[in-house]
Amino acid sequence: PCVLINCFESNVDRFPTVLPNDEQGAYLLTKALIGQGHRHIGFLTLSNNISATPLRNIGYQRAHVEEGLLVDKRYTQVGVIDQTDGRLIGGEFDALEAKIHGLLSLSPKPTAIMFGNDKMAMRAYMLVRGRLGYDIPGDLSLAGYDNYELIADNLVPGLTTVNLPYRDMGTQAAVLALRQYRTPERVLVDSLPIIRPSIAAPPKRGQSDQECPAT
């Protein structure tokens, strides 16, 4: 029996397929930040060539809409070198500093930034704290994605992130493989936020900066 895990066929489903729920993960992380009081949340994503990126964008947007907040496209940008031609010139995070500067130059300035993975967030720690002199999370909350524990547990402060549920995906795949009758269904496994001290309530601003009504 064949079961696909963390991958899928583009135009046809011939096998049972187990995937992380990327839309849910970004949605719940965005909701957690909004629940802390953030109203302007930047999102530096992975490449648009990665299937998870549009799903996570949908989750980010859905959380804003549910809370009655404006979805401002200026706050969502690709944070890596986008390999549209399949080639990579330089490092994948070479544009990250410019992207962060761009977000922080917006008005209103974001009080939190989400990143497409924990590696990007780790680089951002160095840029935000070392070069820009921001306190994390006192001046700016940061969050990653993947729950790569070697990074997330060892950054100071610990990195809030979303768990990619590899163990649960493997368990679900085994259940599907052991079934006598297998159908080409897609199973989405919960991707849940892991809250650590890298996020907190935003710093106080003027009332005009805090409000971001839906339009």
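In this predicted model, H38 touches L33, L69, T111, A112, S141, A200, A201 and P202, residues up to four places away in sequence being left out of the count, where contact means heavy atoms within 4.5 Å. H38 is found in the loop between α1 (22-35) and β3 (41-45); helices (H or I, at least four residues) and strands (E, at least two) are DSSP runs numbered from the N terminus. With 0% relative accessibility, H38 counts as buried, a term for under 20% relative accessible area, whereas exposed means over 50% and partly exposed lies in between (1.4 Å probe, protein chains only).

The side chain of H38 makes a polar contact with the side chain of T111 at 2.6 Å, that is, a pair of N or O atoms within 3.5 Å, of which, within protein, one must be able to donate a hydrogen and the other to accept it, residues adjacent in sequence counting only if both atoms are side-chain atoms.

In the whole structure, 11 salt bridges are found, each a side-chain nitrogen of Lys or Arg within 4 Å of a carboxyl oxygen of Asp or Glu. One of them joins the side chains of R56 and D22 (3.0 Å, N to O); R56 lies in helix α2 (residues 52-66) and D22 in helix α1, so the pair ties together parts that are 34 residues apart in sequence. Both R56 and D22 are buried.

Residues are numbered from 1 along each chain as its sequence is written. Local features need pLDDT of at least 70 and side-chain atom pairs count only at pLDDT 80 or more, while totals for chains, interfaces and linings use all residues, and side-chain values use heavy atoms, with hydrogens and water left out.
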